[in-house]
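Have a look at it first.

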Amino acid sequence: KKGLPTYSLEEVAKHNKKENRIWVTYKNGVYDITDYVSNHPGGSRILLAAGSSIEPYWEMYAAHKQEEIYEMLEELRIGNITEKSKDEQKDSSDPYANDPKRHVALKPSSSKPFNAEPPLSLLRHSYLTPNDLFFVRNHLPVPVIDPKKYQLTVTKVGSTKQVNLSLEDLKRKFNKKSVVSIVQCAGNRRSEMVTIKPVKGLNWGAAAISNASWAGACLDDVLKRTGIDIETVDAKHIIFDGADADPTGHNYGASIPIEMARLLKKDIILAYEMNGKDIPPDHGYPVRVIIPGVVGARQVKWLNKITLSDKESTCHWQQKDYKGFHSSIDWHNVDFTSVPPIYELPVQSVICEPEAGSVLEDDEEVTIKGYAWSGGGRGIVRVDLSADGGKTWHSAELSPTEQPLYKTYAWTFWEGTIPLPKDHKGEVEIVCKAADTAYNVQPDNVEGIWNLRGVLSNAWHRVPVKVPK
Ligand code: MTE
Ligand code: MO
């Protein structure tokens, strides 16, 4: 629409509350939805988009993709977005100046480097997490990579041979393979450990986990093409290096043991697509490695080098981080060489709805929804629910997935409606816990698994809620 005023994205972002009027953007348009909010069939959920784009939400709620809705929205249009607004506030001395713009619904636990998780209720709303809402865990500035110049180098320590592949090579020369797989940070739910004793690390809630469909070239095919047979190669680890680096030139990198790469060889993907689109800058554009069933830290983004080696990656995050210790080890007596890195993760389950502190609608029963997942491809066989702090249990219904029980790489959604205790005093603790195919279970409290880095936090998820009188 011509003739309407133009606004920068920063200007739009200020209009995120009723007091300032509520604006949203859709494509190039700016819309004032303040007076529409109370008529929205989806209720106040629309406010999640306040001050930003509604597109990612519309993708989740398919009901929006109708002509009438677009027409109605156009009636609320007040202006257009300025073209250059995205570059406006760039400061070239800031190493993070080239970081992409993020969705406002992501709740940052750190902004430089950018780390953020989506609200739990949104996370539980789509089985495949929309790209803009997928949690972000960056250790360094997001590297800007020209897809035309991108190269992936594959090599083996001690060999003179090295193969370089372009993005086009990866797309054209190899079959495209896809896998629906979780990325979960080892620090997911760290904030619960902090309640016991402080730990070092970002204060993650329970949404440092997301699920996407990844597509790209199979690692095994790429290695074969470069003359490496993963079954017989004389190496103990496979190292993945990223293009993101600190000011001294040290890049992010990680490795996995060769036996793990062999077991997963058909499933490890050098992904260039996330949910059918190019991988966004925050998630590793143009290529990241997806290692199903394995902790997020090894799934290197902005992947530019693969090395077969007798040694693990020497990177800080492989050697001095992402390891689990018992609760009597603290910073004065920790020896990071004494235990192996975290690879597979333990069984996990989380209540997404209702959220902590909310007031229930009913005083007789409660409907609880959440996610469950386990590392190593182990499926979820049971999720148990309690509304009395774990004294009595009910079985949750697991949403069916196509995943084979022993190659369950995506999460399992679950739901259950269970009775509230009669003797509640206006408050109850709802709890969930899951069992995986190995009948591994979650510990009942976080105290026993406290560790100095606040990783592997997978105790029963306990959520206090209020009961109406
Ligand atoms: N890869 C690179 N190159 N740089 C990073 O900082 N962070 C790792 C991993 N891969 C990281 C990386 C960690 S700790 C996690 S949990 C996941 O990426 C997060 O992936 P996401 O940001 O796509 O959710
Ligand atoms: Mo992580």
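The notes below cover the ligand shell and some backbone details.

## Ground rules

This is a predicted model, so local features need pLDDT of at least 70 and side-chain atom pairs count only at pLDDT 80 or more, while totals for chains, interfaces and linings use all residues. Residues are numbered from 1 along each chain as its sequence is written, with chains lettered from A and ligands numbered from 1 in the order in which they are written.

## Around ligand 1

Ligand 1 has 20 residues around it, and H139, C185, G242, Y252 and G296 come nearest. Here "around" goes by the C-beta atom, placed from the backbone, lying within 6 Å. Strands are DSSP runs of E with at least two residues, helices are runs of H or I with at least four, and both are numbered from the N terminus.

By class, the shell splits into 10 nonpolar, six polar and four charged residues. Nonpolar means Ala, Val, Leu, Ile, Met, Phe, Trp, Tyr, Cys and Pro; charged means Asp, Glu, Lys and Arg; the others, Gly among them, are polar.

## Cis peptide bonds

Most residues other than glycine have a negative phi, and most peptide bonds are trans. The K112 to P113 bond is cis, with omega near -5°, and P113 sits in the loop between β5 (107–110) and β6 (115–117). Y285 and P286 are also joined by a cis bond, omega about 5°; P286 is in the loop between β15 (277–278) and β16 (288–290).
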